[in-house]
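Subject: Structure handover and notes

Dear colleague,

I am handing over the structure that you will be working with, and my notes on what was found in it come after. Please keep the sequence and the model open while you read.

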Amino acid sequence: MRTAVPPGEHTKVQTFEPRAKAAPCPHLMWRDLRGHHKVKLALRSTLLGSASGVSVVITDTTVSRLHAEIELREDGVWIRDLGSRNGTFVEGVLVSSARVADGSKVKLGVTELTVVYDGEQQPPELWPEESFGPLVGRTPVMRALFAYLANIAKADSPVLIQGETGTGKELVAQAIHEASPRVDRPFVIVDCAALPESLIESELFGHAKGAFTGATTARTGAIEAADGGTVFLDEIGDLPMSVQPRLLRALESSTIRRVGETSRRKVNVRFLSATHRDIRTMVNAGAFREDLYFRLAVLPVTVPPLREHLDDVPLLVERFLPRGVAASPELVSQLTKRPWLGNVRALRNFVHRAAVMGAKEALSFSDTAAEGRPIPSSRTAPPPSLVPTAGGPAPIPPSDFESSAFDADFKRFRETWIDAGEREYVRRLLARHDRNVSNAAREAGVDRTYLYRLIRKHLL
């Protein structure tokens, strides 16, 4: 029986000598039912498994279809298990994630692979500027991302954008669209986490008049509305299993069928999708269709967390500050040393808070709820900016709602207002119930699953 390893726990299995900063250019060598193999790992991330769609296919019935992922980092080769059936072992030790030394043995199922470091990898292509569309960054990791995005923007294949909450996945999708030949056509966003299962089919594919109670008129779905352009499916990991076959059909046939209709309509769209969840582990757990994953992830993108490019913090602070306002060098230096659990979104919120509350108060606030730490209970007085006004409801805090939104178009204003309101509502709801989700969902009058979606969207 497989021994469980706590999620996210790294197991140190060996002692390593210090390495130069240049990433290794390793080979994998193994023998399976098809014979001997030697594969050069030239990509930053490589998927291993028995499914035909993975980068490195291992013909072994004891290897999960999406078994593990190898990452090339500055400090060497890392391997991460993807919730496989039989586990991943490095030098005989069961690991969830581990660094692999030169010459080490990695075991997937009954197949043993050897990792051999062969010299150093060629440096990645770097974007010549410190911005790409709405994205900014001057560190090598971000400029390498920009160069990759510029290349895949020219193609028409589906893109799956993965990264932690707050890393800017929607901005990455927008940047790809704006750099693509479809830039003059619609860019339509669907938030799969915000829609109840009963409505998501109609939102994606549209419906005919009378298709269900309340369908008094026909409606064009998001995919059809994006014809000629790009549809962005945000939080695709929350797409219900019942809807996944229909989305797969749309991807494969470039057609959609409105709810309540029998005929199919031709559409010409590019699919971009994003999630903060690891869909590979969901596939292994039976929570996401494998065939849909491979159709969505033809061109995978991983957005790095802010902690991996902290040298970009000064540039980001400058971008987020109102025109004519500057941060002191001491404050910026302090910000580059913080973990930023909420990534770029948390930094942006901090800058907006600091502009209203002052740096000291904003830092104090960031040490609690804003940085992913426990939310104060209802017995704890909120920061001054969150105190309800006499005779009326509490205002949405300036930290979560930008005053500049009032100068934007109505659609962007409405989205920003709803997002800020949802976030503050969930914070206070959980605080009143000491983070008991079941009790909070009962008070809110929503399903517990939907409240979990809001928590993942706004607070994780």
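This is a predicted model: local features need pLDDT of at least 70, side-chain atom pairs count only at pLDDT 80 or more; totals for chains, interfaces and linings use all residues.

Residues are numbered from 1 along each chain as its sequence is written, and side-chain values use heavy atoms, with hydrogens and water left out.

**Confidence**

The pLDDT is the predictor's confidence in each residue, from 0 to 100; its mean for the protein is 83, and 81% of the residues reach 70 or more. Over residues 1-13 the pLDDT is below 50, and this stretch has 26 contacts in the model beyond near neighbours in sequence, where a contact means heavy atoms within 4.5 Å. Residues 15-21 also stay under 50 in pLDDT, and for them the model has 11 contacts beyond four places in sequence.

Helices (H or I, at least four residues) and strands (E, at least two) are DSSP runs, numbered from the N terminus, and two strands pair if DSSP finds at least two bridges between them.

**The mixed sheet**

Another open sheet is formed by five strands in the order β4-β3-β5-β6-β9, and its pairing is mixed. Strands β4 (56-57) and β9 stand at the edges with a single partner strand each, so one side of each is left without a neighbour in the sheet. Strand β6 (residues 76-81) pairs with β9 in the antiparallel sense over four bridges; I79 stands opposite A98 in β9, and R99 in β9 is the bridge partner of W78. In a regular strand the side chains alternate between the two faces of the sheet. In strand β9 (residues 97-100), S97 and R99 point one way and A98 and V100 the other way, and all are buried, a word that means under 20% relative accessible area, with exposed over 50% and partly exposed in between (1.4 Å probe, protein chains only).

**The nonpolar core**

A nonpolar core is a set of buried Ala, Val, Leu, Ile, Met, Phe, Trp, Tyr and Cys residues joined through side-chain atoms within 4.5 Å. The largest one has 37 residues, of which I223 and I236 touch the most other members. The elements that give two or more residues to this core include β15 (187-191), β18 (230-234) and α5 (244-253), and α5 provides the largest share, four residues. Not counting residues up to four places away in sequence, I236 touches several residues, among them L160, C192, L247 and F288.

**Aromatic pairs**

Rings of Phe, Tyr and Trp (its six-membered ring) pair if their centres lie within 6.5 Å, and planes under 30 degrees apart count as stacked, over 60 as edge-to-face and the rest as tilted. By this rule the count comes to five aromatic pairs. One of them, F187 with F232, is stacked, at 6.3 Å centre to centre and 10° between the planes. F187 lies in strand β15 and F232 in strand β18, so the pair ties together parts that are 45 residues apart in sequence. F187 is partly exposed, with a relative accessible area of 25%, whereas F232 is buried at 0%. W127, F132 and F146 form one aromatic cluster.

**Single residues**

S254, in the loop between α5 and β19 (255-256), has a phi near 55°, a positive value in a residue other than glycine. N343, found in helix α10 (residues 343-357), has a positive phi near 60° and is buried, with a relative accessible area of 0%.

With best wishes
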